[in-house]
Amino acid sequence: MNKSLNVVLACLLLLGLISVASNVDEAAAATSSTPQAALPAGVVKPVFINKLVSINVVDVNLAPTDSGKTVSYTLSLYNGSTKSINLLDYWFRLGSSAGESFTLKLTASDSKKKTIAPKTTSYLNLYADVGSSSRLSDLILKVVRFDFSQSNYEAIVGSFKFPAGFTAEVKPGSYKKMYLGNTVINSKISQSLINSTDESHHLEVTLSYNNVGKQTVKLSKYKYVLVTSEGYMYNMTSAEVGDVELSPWNRKELLVTVDVPATVKSKSWKIIALEDAGEEGKSIPVGIYQVLLKTGSATTATDNFTYSNTQGKYKFVLNSVTRQPWEDGDVLSANIRIENQGTEPLSIPTIEGYFYFDNKVKVNFKRVISSSVVAIQPGSSVRFNAYVKLASNYQFSTAKVVLNEKKEQSAVKAGELQSSSFLTQLPVLSETSFYDIKRDGSTSKASINRVAVYEGQTTKTYTVQVAIENMEKRTISPVKLSGYFINENQEIFPATAVVGEGKVTPGSKSLVRFEAIFPKQASTANLKLIVGEAVNDQSYAEGNANADAYVNAVAYALPTDIPAKTNLKDVLLLPHTLTIDKFTPLLTNEEVIVRMHYKLDKDMNISIYPEDRKLQAAIEYFDNSKQEWVTMFQQDLNVEKAATPSLSVGEHDLEIKQPTTYDTINYDYNYRFRIYEVVGSNKKMLADRGFTWYIENK
């Protein structure tokens with residue numbers, strides 16, 4: 001009989017376990033000022049097997065399921081005697097005041113416990129499925145001893161029944177004790193934040209666990225479920241995907257999030273912490289926490305806000321909002337910084353959203369961020385730009401930037417940004433100032449080199465040369481810029497950017513030429529260059545790719561055009577500098593010949609530059625009768641090209657010649673030797689000096 005009974009009991013005990021999972025707050029446990037949730041042990045009295053052995057309920061949870069409710073009990077069993085207690089002699093029955101009976105099971109790990117050693121305490125975790133209308137006060141947990149003198153072989157040792165209205169739910173600000181093995185963990189919700197949009201409520205909850213015991217424990221892979229006041233249940237997403245080891249007197253914080261449709265009432269929400277019971281498909285509650293639905297501070301537009309998700313905590317800061325011309329409209333762009341305020345690297349959230357004009361009109365923005373950044377290190381930040389296109393005559397009083405984090409199937413509102421001044425004016429830089437390009441992975445510094453105006457018969461080409469220095473420690477593709485010219489009357493003229501090809505090494509520069517063609521008589525005095533980083537849809541434009549907008553723009557005050565030099569020394573045509581230290585002009589019966597000795601230097605700190613320009617050497621004289629300059633001789637000069645004639649870096653002799661119809665020199669004329677730079681069909685005189693025929697001019 002005894003042997004058969006032991007087999008039956010062993011079968012009854014081969015069941016599954018749930019340990020602890022939930023929110024634990026280290027400060028809540030360690031600080032007496034934090035209230036503790038109602039303790040079952042303080043409400044129900046222990047059951048004594050004898051004077052030295054007792055059983056008590058130290059934790060209880062009742063949570064809804066798809067088919068009803070699940071109740072879980074954590075029992076402490078104290079053996080104060082000098083002999084081991086055989087657990088196979090005892091069992092538990094669960095019933096209700098209405099006479100119902102429910103099947104109790106042990107969690108998987110506890111089903112292996114067979115005895116309690118002398119002078120020790122052990123914990124058992126049991127669970128059962130009960131009716132959907134069951135309350136804790138309806139349930140009666142009985143402790144029975146197997147007694148074969150009884151008709152049903154059981155003798156009731158004692159029972160536990162909670163009073164009406166009792167709940168073990170953890171109220172906001174309170175904490176509860178949880179038991180993992182013989183180690184006590186204090187848990188609570190340390191922070192909760194809800195952000196609501198027209199589409200959804202986004203809830204973020206930080207759960208704190210504090211090990212106040214003496215042993216290191218593992219927090220298992222807990223699941224969390226949000227239960228609304230209407231009884232809707234939503235699975236929450238946890239930042240932790242595996243077991244978490246928690247050593248004595250250490251704390252672990254865990255962020256869980258969930259998105260709930262906006263049609264669901266955001267009140268009286270609870271979070272249930274669940275653990276796998278060891279029975280396939282069965283999870284049991286180990287903690288129930290009431291949520292304080294505190295609206296996030298990010299619902300009011302300011303120039304910064306904090307936002308948390310399953311990865312961690314971010315701070316969003318609005319650096320600037322600018323409006324700049326683009327084709328027949330404008331570009332409105334916001335430069336936003338994302339800071340990592342934690343101690344671990346964070347992934348970059350996928351942000352989408354819209355500009356909200358006068359709290360009435362929404363225009364979805366495009367986001368541009370450097371592709372070279374994959375994470376935000378602790379204490380660091382990344383930047384991105386949000387931009388929209390507007391009609392040039394569109395007027396508004398206020399503009400907010402509403403940011404949402406894109407999820408797999410929805411978007412969660414992160415916050416709103418608005419500058420203290422609703423619109424930041426374009427920064428105006430002096431001609432000697434630097435334009436700092438703070439793009440992650442492509443940090444650069446731009447400056448104005450020179451303004452040059454190239455004259456033609458009916459037009460002139462106005463150009464600005466910009467140098468962009470690579471401030472990174474790696475070789476990068478040059479930052480592509482776009483721009484416009486604007487005059488005193490606020491008239492806008494497209495500026496074509498002409499660039500070279502290649503990469504820029506650390507500390508070296510690339511040159512960009514911005515140009516626009518004007519009627520020859522048009523005034524180009526007091527022009528400004530509006531310049532910014534070129535973008536193409538949702539990426540920064542590179543190389544020859546067309547740009548459809550630009551961001552982070554500034555307006556440059558421009559210097560005046562530099563007049564031609566009156567000698568042939570140090571003629572600047574970046575990245576080259578040309579000096580012709582002697583030349584001899586000759587006229588034969590058939591040709592004009594110029595023999596020269598020159599030196600061509602090259603700035604090796606300039607890696608990339610436009611190569612579409614060319615030089616011209618010319619001999620011209622002033623015709624007094626016609627009152628105009630006449631070209632007697634003209635020869636194109638290539639620079640570092642295979643075609644001849646070409647100028648090469650270093651010191652060299654060069655002879656250039658052209659057929660001529662001239663057969664004599666008119667010494668009444670003022671002859672000049674000139675060097676021109678040619679862009680398109682227009683040209684600019686770089687150097688000019690008089691000379692004497694047939695002798696070496698130095």
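The lining of the largest cavity divides into 13 nonpolar residues, one polar and two charged; here Ala, Val, Leu, Ile, Met, Phe, Trp, Tyr, Cys and Pro count as nonpolar, Asp, Glu, Lys and Arg as charged, and the others, Gly among them, as polar. This is a predicted model, in which local features need pLDDT of at least 70 and side-chain atom pairs count only at pLDDT 80 or more, while totals for chains, interfaces and linings use all residues. Residues are numbered from 1 along each chain as its sequence is written, and side-chain values use heavy atoms, with hydrogens and water left out.

**Confidence**
- The average pLDDT (the predictor's confidence in each residue, from 0 to 100) is 88, and 92% of the residues score at least 70.
- Residues 1-32 have a pLDDT below 50, and this stretch makes 113 contacts in the model beyond near neighbours in sequence; a contact means heavy atoms within 4.5 Å.

**Cavities**
- There are five cavities of 30 Å³ or more; a cavity is a set of points on a 1 Å grid over the protein atoms alone where a 1.4 Å probe fits but cannot get out, and lining residues have an atom within 4 Å of a point.
- The largest cavity holds about 110 Å³ of space, a volume being the space filled by probe spheres set on the points, which are joined across faces, edges and corners.
- Its lining has 16 residues, and Leu77, Leu87, Tyr90, Phe92 and Leu124 lie nearest the centre.
- Strand S2 (53-64) and strand S5 (90-96) are the elements that give two or more residues to this lining; strands are DSSP runs (E, at least two residues), numbered from the N terminus.

**The five-stranded sheet**
- An open, antiparallel sheet has the strand order S12-S13-S14-S20-S18; two strands pair if DSSP finds at least two bridges between them.
- S12 (176-180) and S18 (237-238) are the edge strands, each with a single partner, so one side of each has no neighbour in the sheet.
- S18 pairs with S20 (residues 251-261) in the antiparallel sense over two bridges, and serine 238 stands opposite valine 256 in S20.

**Around isoleucine 351**
- Isoleucine 351 is in strand S27 (residues 351-357) and is buried (under 20% relative accessible area), at 4%.
- Leaving out residues up to four places away in sequence, isoleucine 351 touches Phe316, Phe365, Arg367, Phe384, Leu403, Asn404 and Glu405.
- S27 and S32 run antiparallel, joined by seven bridges; phenylalanine 355 has valine 401 in S32 as its bridge partner.
- In S32 (residues 399-406), seven of the eight residues are buried.
- S32 is also joined to S33 (residues 411-417) by six bridges, running antiparallel, and leucine 403 has glycine 415 in S33 as its bridge partner.

Methods: 1 Å grid on protein atoms, 1.4 Å probe; cavity = no way out; pocket = protein on both sides within 12 Å on 5 of 7 lines; lining within 4 Å. Helix = DSSP H or I, 4+ residues; strand = E, 2+ residues; numbered from the N terminus. Buried < 20%, exposed > 50% of the residue type's maximum accessible area, 1.4 Å probe, protein only.
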